[in-house]
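Student: Could you walk me through this one? I'd like to go over it piece by piece.

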Amino acid sequence: MNREQMIEAVKAEMPERRWIHVEGVMKTSIILAERFGEDPVKAELAAILHDVAKFWQITRMEQMIREHNLDLTLLDYDKELWHAEVGAWVAEHDYGVTDKDVLDAIRCHTSGRIGMTKLDKVVCLADYMEPSRDFPGVDRIRELSAESLERALIAGFDSTISFLIAKGKRIFPLTVDARNDLLLQIAD
Ligand code: DGI
Ligand code: FE
Ligand code: FE
């Protein structure tokens, strides 16, 4: 499957407004990859596919997580987290992506993880700050992204964690771990 075919297939999985978001993540991932010395082709590929499962039925995602032995602990946390893990599986098995770095970046684009690679950070941050995103604090994240992937991403996780606390929701522990790990990285 070439890039154009992949784009058409992903587009068909989602409403128009979500595709606008994906295009924003593609463009922003390329910019961040070039700014911080990551491969823009890998970054764009992960961006194209990162939300491929976002509009799948909850039951279909749950079934995939169980059937393919994906991270079962996800099922105890917010359903919004599931599309990332399922998306990585779909990228590999339905779209033929073999690059493990790209699959990892898709898999951790929502939760983050300990030891995030530069590619993980680029895609996760692009997801937070692409041009059509509008939430309190997004401009601060964009400002920080001029200098530091890590500082910008910490601000992103801070906003998600604050949002989850305000809503009285549980926090997936990996997100807290990812934020702690990024704080350690900038302390060096
Ligand atoms: O898929 P997108 O909307 O582009 O963005 P995303 O993949 O970052 O999903 C973010 C959603 O996930 C956001 O509404 C918050 C929700 N969420 C629920 N629990 C958690 C969580 N996000 C993180 N990082 N950690 C959680 O524990
Ligand atoms: Fe997502
Ligand atoms: Fe997204």
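**Around the metal site**

Tutor: H83 is buried, at a relative accessible area of 4%; buried means under 20% relative accessible area, exposed over 50%, partly exposed in between (1.4 Å probe, protein chains only). This is a predicted model: local features need pLDDT of at least 70, side-chain atom pairs count only at pLDDT 80 or more, and totals for chains, interfaces and linings use all residues. Residues are numbered from 1 along each chain as its sequence is written, chains are lettered from A and ligands numbered from 1 in the order written, and side-chain values use heavy atoms, with hydrogens and water left out.

Student: Which residues coordinate the iron ion (ligand 2)?

Tutor: Donors are N, O and S atoms within 2.8 Å of the metal (3.2 Å for Na, K and Ca); water is not among the atoms, so sites may look incomplete. Along the chain, the donors follow the spacing D-x31-H-x25-H. At 2.1 Å, they are D51 (OD), H83 (NE2) and H109 (NE2).

Student: How far apart are the iron ion (ligand 2) and the iron ion (ligand 3)?

Tutor: D51 bridges the two. Their separation is 3.5 Å.

Student: Is H109 buried or exposed?

Tutor: Its relative accessibility is 2%. That makes H109 buried.

Student: And M6, what is it in contact with, leaving aside neighbours within four places in sequence?

Tutor: M6 is itself buried, with 6% relative accessible area. Contact means heavy atoms within 4.5 Å. By that cut-off, its partners are M1, L45, I48, L49, Y95 and V97.
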